[in-house]
Amino acid sequence: MSKKENRGRSQQPSRRQVLKYSAAAALATPFISRAWANTVEINMLAWYGHGEPDMVGAFEEANNVKFKPKYYAGGDNMLGLIAQSPPGTYDIILSDGEFVQQLNAAGYIEPLDAGDYPFDDMLYEDFTKFPGHWDGDTLYSMMLRFGHLGVSYNKNAISEEEAMSYSCFWKPEIKGKVGHFDWHLPSLGMMSLYNGNGAGLWDLDDAKWEKVQETTLSLRPQVGGFFDYGGTFNSLKNGEMQAMVGIGDWITGVLEKDGAPVASVVPKEGGIQWTESYCIGKGTEKADIVKKFIQYMLSPEGQVKSAQMAAYPGFCITKGGRALLNEVDPKEAKRTGQVDGMANDPITLIKEGRIHYRDIPVQQSLEDWNDFWSEYKNA
Amino acid sequence: MSGRDALTTWVLRFYVVLVFGFIFMPIVASVIFSFNSQRFPTVPLGSFTTEWYTAILNDPDIWEAARTSILVSLSTSVLATFIGFCTAYTDYRFKFRYKYGFLALALLPPTIPLIIMALAMLAWFAKIGISGQVWSIIAAHTVLTIPFAMAIIRLRLNEMDESLEAAAWNLGASEWRAVKEVIIPFAKPAIISSMCLTAAVSFDEFAVAWFVSGLNKTIPVVILEIVTGNIDPQVNAIGSFVFLVSMTLVVLAQILFMTKGKRRTVTP
Amino acid sequence: MGTKETEKKKRGFETFAVVWRVPLIAWQTVFFLGPLLFMVAMSFFVVKNYRMREAFEFVSWAKMLGRHTFWDAYGYTLLLAVCSTVIVSLIAFPAAYALAFKTSATVRRWAIFLLVVPFFTSYLVRIFSWYVVLAESGPVNSVLGFFGLGPFTMLNTMFGTMVGYATLTLPLVVILQTVSLANIDNRFIEAAHNLGCGAFRTIHAVIVPMAKTGLVIAALFCFILSFGDFVSPYYLGGSKPPTLAILIIDTTKSGQQWPRAAVVAVMMMLTLFTVAFSSIWYAYRKRGSR
């Protein structure tokens, strides 16, 4: 191209020429940069946002790779998507912590080498041996981030004191204004906590399970809708919904930054922790670069990206990540309590026993819960 | 015309305007939102911005999706129009046993909800081992658009004087030659319209593409992902952009159509 | 076929005739009948531990049809689709009437051109716009508030779903109705007027019967599209309660229950075929006597 320009008849390229070339360049840039060198494509299966430029852009550029993401919502959805694709389709899988075991049982993921990852830098010892991530001494999944679910509410409709109990969802003033994130696990988990099941929230015998269903059904008249990810955002933001069951700061945090009067708290009955972990897909030929990416995401830089992720924020799991976050974005660190010594430090909440890791039902099958969920939606 | 009639006419015309207002409200609104600075548009609107357009133009995933979309819709339009033409011609020319069954095969797809087609096709493609490829979307979209191609071309053939083809035979032309020299030239405007329409239908189809596309996303699948995922006004920007492009194509086709075949213009 | 052809020519014609049928038959068998029949078969498969196994068992049928959830969703979906058909047809008719009889051919051509325009915009994007426009803090409520009305909750209600369905179907229904009305010979209408029929009488006694086929086909399309759409009831209706299409998506998302989704799909198809065939039969009935 430069050759052509030099050959231009006049020394000064005419304005039209410049416009023409720059337009052509602008249009062609995405293609050129792609065709430039043999870019390695990495197929990623993840929750929405993990394959967006704000997360992977820098890594892509530095390593000449390109992520091709496929997004899902909810662990059941993830398992379905893997089952429908030929083996080896996904090189890297971002799984919810409680589903890693299922992935492993189905033989969808490769074992990892624990020595590759910063286990000595974890903020909390539980994270080094996270439930389900290890099979004996073999590591199968590397925890990346986590967050807490509790009462998410509109500050104009519910006071912070009221939000300290799940009972606020039954508040008469917000009839028809309570929304559900459309996935059974977090919502039913919260109902179980409200019933006082505490740490045994997933381990329900018939009587307790019956009771959870009853409690849930009693909330139905309050419910204004069931939303996917996008709908949850929108309906909280535009005030259609004043409270939302099944979510936490991962939704309201984004909205808060956008100026909406919403917040999330962990109520006195306890909250639920979501955990996201990276796995390497079985049969991938790109295990090395995927490993490098996971290492990158666990480095302080990657952890800060995760904490600031545009789609939804997650807490850092390493000390290094937290330290860097406090340095580069003290405001966000403070907003989310990721400052050592703060009362609502997520690690402190876990230590105090107020947080329960999200799990799959122990005595029922996921199907039972899901069947009840569709009945509930129909009620 | 009496005064009352004139009044009725005006009321009716006003009503038409209202109906069009309803139909165009979301389109106009989405264009407005695409220039609005707020991530979650509410009233009053935020400030003017071209941020969302910059974002999509700089996003290689969108370009990739656009390329896939163009490939899919062009291939679909050629395939569907070809098959539609064969089918329309068969219906026009021949009577045979099981003709109703044959026509049902062509015209049934629109009566089946997209979500069902999507489910069935993904399961089937996975079974025969061709799921998640660009051409699985093309295969699916061709099925969905054949009826449109067939209907447009069939309507055009209806207008043809039957003796024209017979005259060609009498002049010694073979059946093939007659099709080439008489039928295709006559049906040409319909063939062009059919290609435009099938391309457009394919370009906006998201349900089936979402299921069968695997990692090869088309533009509507990206839109669906943004709408179900992280709501983002990029959706409006993509929508407006796509709208602009496809409308340009339609208008171009329309102009070509009008200047070439002056005899008959669009329906009715 | 003409009658004058020789025997030889006829045989030639047969090869020729068959060739034109092959593309459609081949393509639709592999990519249309194949998937549909496989889906019917799939409804008898079983799923264990997220894995589907080919079988011939009635577990999914028993499970789905034995649940009131399914029948509630079925009834609700049917109700929504019928409402949408009736409402959209009624809204469209005066507009189609005006376009067919009260405007010049040029205006009509432009109108139809404009009605085609929405097909070139993403349906999803339009629904997303309604989501903002109909919100309690949205423009519609702002305008109503100006007159001291509202705010009304329009999203996550049946009203929202109907707006979505109308967005999807109204342009098509107006086009189909307009075309079928415009095809009526004006002389019949004049004759009705001359015989002293008022406007409504003319519509009732002349126009509607003569355009019956087109009107029924338009309504049928509206029904089919509404019955199977999952976007409007989900995004504008808050999937409260879910329709059959939403049920299909929910079922495939959770636990790899494709056979159950297939059961729902087969039931939907049976319903649609019944509706389609009976309305086509109705639309073309008595046509011979004309």
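**Figure 1. The two domains of chain C.** Domain bounds here come from an automatic or database domain assignment. In this predicted model, chain C splits into domain 1, covering 1–42, and domain 2, covering 61–289. How far apart are the C-alpha centres of domain 1 of chain C and domain 2 of chain C? They lie 34 Å apart.

**Figure 2. Helix α13 of chain C.** Which residues of α13(C) are buried? Start at W258(C), P259(C), R260(C), A261(C) and A262(C), then carry on through V263(C), V264(C) and A265(C), and finish with M268(C) and L272(C).

**Figure 3. Where chain C meets chain A.** Here 24 residues of chain C are in contact with 23 residues of chain A. On the chain C side, the elements that give two or more residues are α3 (68–101) and α12 (244–253). Helix α12(C) gives the most to this side, with four residues. What classes of residue does the side of chain C that touches chain A hold? You will find nine nonpolar, nine polar and six charged residues there.

**Figure 4. Two helices of chain A crossing.** Two packed helices are described by the angle between their axes and the distance between the axes. In chain A, helix α12 (residues 300–307) and helix α13 (residues 319–328) pack at an angle of about 65°, and their axes are 8 Å apart. The crossing of α12(A) past α13(A) is right-handed. To find the contact, look for P300(A), Q303(A), V304(A) and A307(A) on α12(A). Their counterparts on α13(A) are G320(A), G321(A), A323(A), L324(A), L325(A) and V328(A). By class, the residues of this contact are seven nonpolar, three polar and no charged.

**Figure 5. Chain B from end to end.** Of the 268 residues in chain B, 49% are buried. Among the contacts in chain B with a separation of 6 or more, 77% are between residues 24 or more positions apart.

Definitions and conventions
Residues numbered from 1 in each chain as written. Chains lettered and ligands numbered in written order. Predicted model: local features only at pLDDT ≥ 70, side-chain atom pairs only at ≥ 80, totals over all residues. Contact = placed C-beta atoms within 7 Å. Nonpolar A, V, L, I, M, F, W, Y, C, P; charged D, E, K, R; others polar. Buried ≥ 20, exposed ≤ 12 C-beta atoms within 10 Å, placed from the backbone. Axes fitted to C-alpha atoms, helices over the stretch in contact; angles between N-to-C directions. Left-handed = near helix turned anticlockwise from the far one by under 90°.
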